[in-house]
Amino acid sequence: MVDKLTDPKEVDFQDREVPDETVGEIYVDNPRLTARNVNVYYADKLAVDNVTLDVGSSEVIAFVGPSGCGKSTLLRCFNRMNDTIDICRMEGVINIDGDDINDPKIDVVSLRARVGMVFQKPNPFPKSIFDNIAYGPRIHGLAKDSVELDEIVERSLERAGLWSEVKDRLDQPGTSLSGGQQQRLCIARAVAVGPEVILMDEPCSALDPIATAKVEELISELRKQYTIVIVTHSMQQAARVSDRTAYFHLGKLVEVGETKQIFTRPVHRLTEDYITGRFG
Amino acid sequence: MTNPIENGPLSPQEAAIRVQASLKKRARSERRFQYLGIAAITLSILFLVLLFAGIFSKGIPGMFQHYVTLEVLLDKDRMDPEGDMSAASLYSGDARGIVNESLMNALGSPEGRKAKRAARAILSSASASRLTEFAIKNPEYIGEIVAVKFAVDDDIDSFLRGFIARETPESDRRVNDQTIEFVDRLNQASLISYEFSDYLFTGSASRDAEIAGIKGALIGSIWTLGVCLLIAFPLGVATAVYLEEIAPKNRMTEIIEININNLAAVPSVVFGIMGLAIFIIVFGLPRSIPLVGGIVLALMTLPTIIISSRAAIRAVPPSIRDAALGVGASKMQTILHHVIPPAMPGMLTGTIIGMAQALGETAPLLMIGMVAFIVDVPGGVMEPATALPVQIFMWADFAERMFIQKTSAAIIVLLAFLITMNAGAIILRKKLERRWQ
């Protein structure tokens with residue numbers, strides 16, 4: 001093992017052969033999201049290469065892999081955030097509860113109400129804490145009156161574990177909170193519109209360890225109600241919060257399986273090298 | 001394995017010596033740069049001080065002028081021949097004769113036509129209408145003797161200020177000896193006073209310097225700028241939002257962008273010619289009206305507003321757009337709720353700069369005829385008007401000595417208008433900034 005670390009050939013993963021077939025169980029019994037032969041191109045560059053994967057209802061699945069492996073790109077396909085990038089083009093089929101998300105009959109606005117998203121950097125609106133949460137319900141017409149809106153805001157903040165911390169200062173700007181609180185505010189904001197799936201794109205990469213622990217705790221809480229897809233660079237985090245883990249490499253889905261199995265008995269050589277920290 | 005430091009390009013001791021030497025050089029060049037900066041700032045402050053000192057030293061006296069106080073008998077029959085106290089009747093009355101008699105009385109009733117003419121040269125030619133207006137405003141004084149202040153003629157004013165010297169031979173100066181003697185007599189009786197000019201802000205364009213004012217031009221400027229703002233701001237912001245947020249990035253938008261940037265550098269007189277050709281000749285709108293002036297200035301201001309609005313929109317962090325789209329806001333909702341509000345202060349800054357430019361613009365207004373000699377105060381955007389900078393331009397062209405001060409006074413008013421406008425916009429901007437940050 002020690003020899004391999006010093007051997008430059010072993011470290012240079014670019015030279016490794018990436019398999020066409022995904023190792024592990026890509027299908028689940030009760031899928032919420034299904035991706036079939038998904039390719040994503042940035043202009044001519046292939047970023048996601050023929051990925052087929054199911055995401056089950058009420059499970060947390062972690063996408064891991066070295067930078068540039070396409071895991072965030074795939075994540076952003078699930079709520080069509082890639083639409084905002086002019087040069088980005090997707091092929092293949094993604095269904096949510098059996099509905100094709102690219103169906104022209106489906107309004108992207110309603111899709112994003114069903115599939116919430118939490119971004120890498122906490123990005124609260126420069127508005128009050130209350131307005132941050134209330135914005136989604138307002139534009140979707142979720143609350144019949146202001147009493148109901150207050151209730152939605154309170155329940156969302158409670159669910160994000162933030163209510164007790166901010167209940168006395170709902171009128172203060174969301175940007176005045178600490179980084180960790182801001183990220184939980186963003187989670188509360190995603191929760192407020194009543195999504196089925198929450199996508200998290202490296203939600204803890206800008207947070208300190210204590211704030212990270214809180215967000216991870218929150219994810220464990222949220223898994224009871226929501227399907228969560230989380231992209232992370234932290235192996236420990238993937239091990240702590242996820243039920244299943246998918247390992248991506250150069251745009252391909254290399255291996256997917258139970259998190260415990262991936263971290264203890266990875267089947268593919270690339271997966272093993274990555275999770276043991278030999279590259280990436 | 002050898003120690004890599006020993007094989008390094010320099011030994012640590014040698015490196016330390018060289019770093020020391022380069023440190024000194026760096027510190028020197030940094031100091032030099034600082035001095036240059038300070039020198040540049042000092043120089044520009046100096047120029048500003050010179051500019052303001054020049055304007056204020058000339059302009060403040062321009063806000064004052066000399067008046068003669070005369071005892072006037074407002075004879076009922078002569079002031080009001082019809083006897084109904086209507087304005088028409090008062091204007092047809094013999095106010096001129098009354099003023100002249102009072103003046104002659106004050107001067108001890110000089111004899112002879114020549115002396116009388118010399119005496120009449122003291123008062124402004126507008127004195128009669130000033131008396132009529134006084135009577136209209138104060139009908140209760142009819143039939144009584146009242147003290148009324150009349151402006152002196154601009155040549156007398158210049159003489160009293162010392163611009164026309166007594167020592168100059170009579171044939172070379174605009175005030176003759178007889179008139180000077182009368183002025184001295186009035187001065188001895190302390191009937192001449194130096195006071196804040198009431199013509200400057202209430203009077204309109206006039207060939208007579210002593211009664212010329214900027215009221216008409218100021219109102220004309222306000223109308224013109226109002227039209228300009230109403231057109232340029234929404235159009236500019238909408239263009240910026242479309243180009244920045246909605247339009248696909250292709251060759252077409254690139255060409256549009258380059259042209260907008262070039263438009264910002266087009267001389268303003270070109271916009272004036274275009275306004276003349278399109279709005280007046282093709283559309284048949286009247287000349288000299290604030291509507292056309294405002295449209296032309298709006299076209300000139302548009303590039304400035306568009307460019308700064310685009311910069312403001314680009315400065316809104318993309319993460320905010322992602323956040324809005326992520327909770328399911330549509331593109332328009334994202335733009336209206338999350339892009340425009342934080343960009344508004346920046347857009348306003350561009351608008352202020354554009355409006356300030358428009359306020360001081362003369363050339364395009366000359367082209368569309370807003371340089372006409374207009375005595376009436378414009379009551380709307382369709383009435384002939386002139387604008388402050390055009391008024392200043394015209395006054396600067398007049399030969400009378402007193403117009404020099406009037407010009408400077410008008411420049412001060414223009415600057416004050418500009419500062420008020422900018423201050424208002426800055427307060428608005430601060431308010432918006434506080435709301436969104």
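What percentage of the 280 residues of chain A count as buried? Here are my notes, point by point; keep in mind that this is a predicted model.

1. **Burial in chain A.** To settle that opening question, 45% of the 280 residues in chain A count as buried. The chain is built from 12 helices and 11 strands. If you look at contacts between residues at least 6 apart in sequence, 71% of them join residues at least 24 apart.

2. **The overall form of chain A.** Its C-alpha trace spans about 65 × 45 × 35 Å along the principal axes. A compact globule of 280 residues would have a radius of gyration near 19 Å, and chain A has 19 Å, so the two agree.

3. **One helix to look at in chain A.** Find α8, which takes in residues 179-192. This helix has 14 residues and reaches 20 Å from its first C-alpha to its last, close to the 20 Å expected at 1.5 Å a residue. Is α8(A) mostly covered or mostly open? Mostly covered: 13 of its 14 residues are buried. After the helix comes A:G194, which has a positive phi, near 65°.

4. **Chain B is another story to tell.** Here you'll find 17 helices and 3 strands. For 437 residues, a compact globule would have a radius of gyration near 22 Å, but chain B comes out at 32 Å. The box filled by its C-alpha atoms is roughly 120 × 60 × 40 Å along the principal axes. Buried residues make up 37% of this chain. Among its contacts with a separation of 6 or more, 76% come from residues 24 or more positions apart.

5. **The largest nonpolar core.** This core has 95 residues, and the members touching the most other members are B:V99, B:I122, B:C228 and B:A410. Why does it lie between domain 2 and domain 3 of chain B? Because both domain 2 (64-196) and domain 3 (215-436) give residues to it. As background, nonpolar side chains tend to be buried together in soluble globular proteins.

6. **Zooming in on B:C228.** Set aside its neighbours within four places in sequence, and B:C228 is in contact with B:G294, B:L297, B:A298, B:T301, B:M355 and B:A358. Apart from the core that includes B:C228, there is another one of 81 residues, among them A:A62, A:L177, A:L185 and A:Y247.

7. **Where the chains meet.** In this model 17 residues of chain B are in contact with 20 residues of chain A. On the chain B side, the elements giving two or more residues are α13 (318-326) and α14 (331-359). The most comes from α13(B), with 6 residues. Sorted by class, the side of chain B that touches chain A has 8 nonpolar, 7 polar and 2 charged residues.

8. **A last residue to check.** B:R117 sits in helix α5 (residues 113-120) of chain B. With 13 other C-beta atoms within 10 Å, B:R117 is partly exposed, because a residue counts as exposed at 12 or fewer and as buried at 20 or more. In sequence, B:R117 and B:T179 are 62 residues apart, yet their C-alpha atoms are 8.7 Å apart in space.

Key:
Residues numbered from 1 in each chain as written. Chains lettered and ligands numbered in written order. Predicted model: local features only at pLDDT ≥ 70, side-chain atom pairs only at ≥ 80, totals over all residues. Helix = DSSP H or I, 4+ residues; strand = E, 2+ residues; numbered from the N terminus. Rg over C-alpha atoms; globule rule 2.2 N^0.38 Å. Contact = placed C-beta atoms within 7 Å. Nonpolar A, V, L, I, M, F, W, Y, C, P; charged D, E, K, R; others polar. Core = buried A, V, L, I, M, F, W, Y, C linked by C-beta atoms within 7 Å. Domains from an automatic or database assignment. Expected span 1.5 Å × (residues − 1).
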